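Trainee: Could we go through this structure together? I would like to begin with the helices and then turn to the strands.

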Amino acid sequence: MGVGLRSHVSPMATPEPSVTRPPTPAPHGSPAPAAVSLRHDWTVAEVKALHELPLLDLVYRAQTVHRAVWKDNKVQLCSLLSIKTGGCPEDCAYCPQAARYDTGVKAEKLMQVGSVLESAKQARAAGATRFCMGAAWREVKDGPQFDAVLDMVRGVKALGMEACCTLGMLSESQARRLKEAGLDAYNHNLDTGESHYGDIISTRTYQDRLRTLGHVRDAGIEVCSGGIIGLGESIEQRCEMLVTLANQPKHPESVPVNALVAVEGTPLEGQRRVDFTELVRMIATARLVMPASMVRLSAGRLQLSEEAQLLCMMAGANSIFFGEKLLTTANPGFTDDMALLEKAGVTPLEPAVDKPVAQ
Ligand code: SF4
């Protein structure tokens with residue numbers, strides 16, 4: 001069946017600009033990859049057919065598309081800091097920061113601007129090029145706390161880093177103010193397929209999520225949106241989420257792919273651990289349906305061997321969260337990450353330099 005990315009613009013492709021990069025010498029004499037088309041008309045059946053390819057075929061196709069669009073052997077290093085931890089009124093079934101679950105995560109106040117910028121400096125010194133600030137809020141409220149976040153954004157930009165925030169739902173005017181402060185990207189995950197969403201979160205709707213993404217897009221801020229696998233969803237529902245993301249008028253610039261880290265005290269504490277091949281499949285499929293998006297290997301990396309992490313990069317992951325903590329859960333340390341990247345000959349992707357040619 002004619003699904004997936006073709007090396008030339010497909011008859012099913014929408015008239016978006018294709019994404020090309022100057023040809024590079026092909027490894028081992030294989031042909032240099034040609035233009036890749038961006039589509040916004042995926043069906044769940046098509047995406048599922050890709051997801052179900054034999055694993056190595058899927059990885060090969062994803063890597064071929066990856067090399068057509070992105071610089072080889074480059075991975076973006078993002079650092080994520082929880083600037084306001086715990087005490088969240090929402091009921092996301094996977095989240096240790098929800099006030100209603102007894103997980104041992106204590107509610108803290110919003111961090112001071114100076115402390116946040118000190119962390120950003122340390123992350124920059126360790127090699128991170130993007131600094132993401134996360135607050136466990138249902139939504140942003142105008143007032144001194146939001147003003148402080150705007151100062152954090154300005155401060156991170158002044159350090160020469162890309163600034164990203166994840167603060168919950170946003171209004172149109174708040175998105176505009178973040179843009180004016182210099183924010184590059186806003187993270188708001190869809191979490192899962194729409195048909196599974198109600199089993200995971202009841203305190204806000206899928207449409208609420210999409211509305212916030214619309215405000216972010218309209219303000220001219222890059223969209224970072226992905227999800228989590230291992231929430232009890234079916235493969236079809238995983239593909240459904242990818243279809244929702246890929247069929248937006250513009251693909252999200254970043255697509256985080258998380259594996260559930262089951263935390264004691266949350267409703268999902270008993271979920272089975274995601275097998276690494278599931279993560280590889282999800283990353284490779286995301287790479288195929290959103291060729292010019294940064295695909296981010298996010299939570300759950302600590303459970304992966306070095307080999308599995310490299311296979312995820314082979315499948316098209318070109319961004320990792322860097323730093324010992326990912327909000328409240330553990331993540332591989334800087335030293336281990338740098339050692340792995342060095343062994344693999346992978347170097348950091350530079351903001352604004354190593355972007356795809358068009359999207
Ligand atoms: S995922 Fe975000 S919104 Fe949901 S409970 Fe956790 S902090 Fe709150």
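Mentor: A definition comes first: a residue is buried if 20 or more other C-beta atoms lie within 10 Å of its own, exposed if 12 or fewer, and partly exposed in between, with C-beta atoms placed from the backbone. Helices (H or I, at least four residues) and strands (E, at least two) are DSSP runs, numbered from the N terminus. This is a predicted model, in which local features need pLDDT of at least 70 and side-chain atom pairs count only at pLDDT 80 or more, while totals for chains, interfaces and linings use all residues. Residues are numbered from 1 along each chain as its sequence is written.

Trainee: Which residues of helix α5 are buried?

Mentor: In helix α5 (residues 172-181), the buried residues are Gln174, Ala175, Arg177 and Leu178. They lie on the same side of α5, because they cover an arc of only 160° around the axis; the arc is that of the directions from the helix axis to the C-beta atoms.

Trainee: And which residues are exposed on the other side of α5?

Mentor: Ser173 and Glu180 are exposed there.

Trainee: What covers the buried residues of α5?

Mentor: The cover includes α4 (144-158), β3 (162-166), β4 (185-187) and α7 (206-218). Contact here means that the C-beta atoms of two residues, placed from the backbone, lie within 7 Å. Just after α5, glycine 182 has a positive phi of about 110°.

Trainee: Now α2, please. How far does α2 reach from its first C-alpha to its last?

Mentor: Helix α2 (residues 55-69) has 15 residues and reaches 21 Å, close to the 21 Å expected at 1.5 Å a residue. The expected span is 1.5 Å times one less than the number of residues in the helix. Its buried residues include Leu58, Val59, Arg61 and Ala62, and the buried residues of α2 pack against α1, α9 and α10 (306-314).

Trainee: Changing topic to the strands: is β2 mostly covered or mostly uncovered?

Mentor: Strand β2 (residues 130-135) is mostly covered, with six of its six residues buried. Arg130, Cys132 and Gly134 point one way from β2, and Phe131, Met133 and Ala135 point the other way.

Trainee: Which strand do six bridges join to β2?

Mentor: Strand β1 (residues 74-84) is joined to β2 by six bridges, and the two run parallel. Two strands pair if DSSP finds at least two bridges between them. Serine 79 stands opposite phenylalanine 131 in β2. From β1 the chain crosses through helix α3 (residues 113-126) to β2, and this β-α-β crossover is right-handed. That term applies if, with the strands pointing away from the viewer, the path from the first strand over the helix to the second runs clockwise.

Trainee: How many bridges pair β2 with β3?

Mentor: Five bridges pair β2 with β3 in the parallel sense, and phenylalanine 131 stands opposite alanine 163 in β3. The chain passes from β2 through α4 to β3 in a right-handed β-α-β crossover.

Trainee: What about β7: how many of its residues are buried?

Mentor: Six of the six residues of strand β7 (residues 254-259) are buried. Ser254, Pro256 and Asn258 lie on one side, with Val255, Val257 and Ala259 on the other. Strand β6 (residues 227-229) pairs with β7 in the parallel sense over three bridges, and isoleucine 229 has alanine 259 as its bridge partner in β7. The crossover from β6 through helix α8 (residues 235-246) to β7 is a right-handed β-α-β one. Four bridges also join β7 to strand β8 (residues 294-297), and these run parallel.

Trainee: Which residues have the most contacts inside the largest nonpolar core?

Mentor: Tyr186 and Ile283 do, in a core of 100 residues. Helix α9 (residues 276-289) gives the most to this core, with eight residues. A nonpolar core is a set of buried Ala, Val, Leu, Ile, Met, Phe, Trp, Tyr and Cys residues joined through C-beta atoms within 7 Å. Leaving aside neighbours within four places in sequence, tyrosine 186 is in contact with residues including Cys164, Leu178 and Val216.

Trainee: One last item: is aspartate 191 buried or exposed?

Mentor: Aspartate 191 is buried, because 24 other C-beta atoms lie within 10 Å. Aspartate 191 sits in the loop between β4 and α6 (194-200), and its phi is near 75°, a positive value in a residue other than glycine.
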